[in-house]
Amino acid sequence: MKYPESFLKLVEDFKKFPGIGKKTAERLALYTISTIEKNQIDAFSQHLVEAKQNISHCPVCGTLMESHCPICEDLNRERNTIMVVSEDKDVFVLERNPIYHGLYHVLGGSIDFSRGIGPEDLNIESLFQRLNGIEEIILSLAGTVEGELTAQYLKELLKPKGIKVSRIAYGIPVGADLSFADDHTLELALNNRQKYE
Ligand SMILES: [Zn+2]
């Protein structure tokens, strides 16, 4: 006997999440049906729709935003420095504490030829459209092979622009990303950033 049709649809939905295989998807679907209250399910489905509807990426810096970008619109921030990060979450990790006061640019990933991700798949062109008045670009990319490759690529492109390029030196293991660093480590890394050449 097969699972009911609606149940199978739910399993297919859960399988769309990264790291969720068929077995986990079935377990989550069973839990949803048998344990979660109807009103909680209603709220959850509403949150999904609302989040997808209201959240977008800032057309300038690429940060996740709801109706307006709190970073680009904040006139108290230093507007001559851009920190380039790979992922949406990196901005939120850095913003947990007032360590950095400049602007951001979210690439939306790293160059990874083994997965078919080239420079044209990242928000690189939009970075070059906002260099007017910028004095320093801080590359805050993970110490992975992909992060290094992306940093080098950007450095070469930025060279002829005459803008200072620095690389954040965070004291965390190679391969780890920003979210593993505590605030003190991030602050040290930012203050000890090296000119990247
Ligand atoms: Zn923005």
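Which residues coordinate the zinc ion? In this predicted model, the ligands are Cys58, Cys61, Cys69 and Cys72, each through its SG atom. The geometry is tetrahedral, with angles of 106 to 112° among the four donor atoms. Along the sequence, the donor residues follow the spacing C-x2-C-x7-C-x2-C.

Now place the ligands on the fold. Cys58 sits in the loop between strand E1 (55-57) and strand E2 (64-66). Cys72 lies in the loop between E2 and strand E3 (81-85). The two are 14 residues apart, and the pair links distant parts of the chain.

Are these two cysteines buried or exposed? Cys58 has a relative accessible area of 6%, so it falls under the 20% cut-off and counts as buried. Cys72 is buried as well, because its relative accessible area of 14% is also under 20%.

Step back to the whole chain. The domain assignment gives domain 1 as residues 5-56 and domain 2 as residues 57-195. Taken over C-alpha atoms, the centres of domain 1 and domain 2 are separated by 33 Å.

How far can the model be read? The protein chain averages a pLDDT of 90. At least 70 is reached by 93% of the residues. Confidence is highest in strand E4 (residues 103-106), at 97. Helix H7 (residues 183-191) marks the lowest confidence, at a mean of 74. Where pLDDT is low, predicted coordinates should not be read in detail.

Definitions and conventions: Residues are numbered from 1 along each chain as its sequence is written. This is a predicted model: local features need pLDDT of at least 70, side-chain atom pairs count only at pLDDT 80 or more; totals for chains, interfaces and linings use all residues. Side-chain values use heavy atoms; hydrogens and water are left out. Donors are N, O and S atoms within 2.8 Å of the metal (3.2 Å for Na, K and Ca); water is not among the atoms, so sites may look incomplete. Four donors count as tetrahedral if all angles lie between 85 and 135 degrees; four count as square planar and six as octahedral if opposite donors are over 155 degrees apart and all others between 65 and 115; anything else is irregular. Helices (H or I, at least four residues) and strands (E, at least two) are DSSP runs, numbered from the N terminus. Buried means under 20% relative accessible area, exposed over 50%, partly exposed in between (1.4 Å probe, protein chains only). pLDDT is the predictor's confidence in each residue, from 0 to 100. Domain bounds come from an automatic or database domain assignment.
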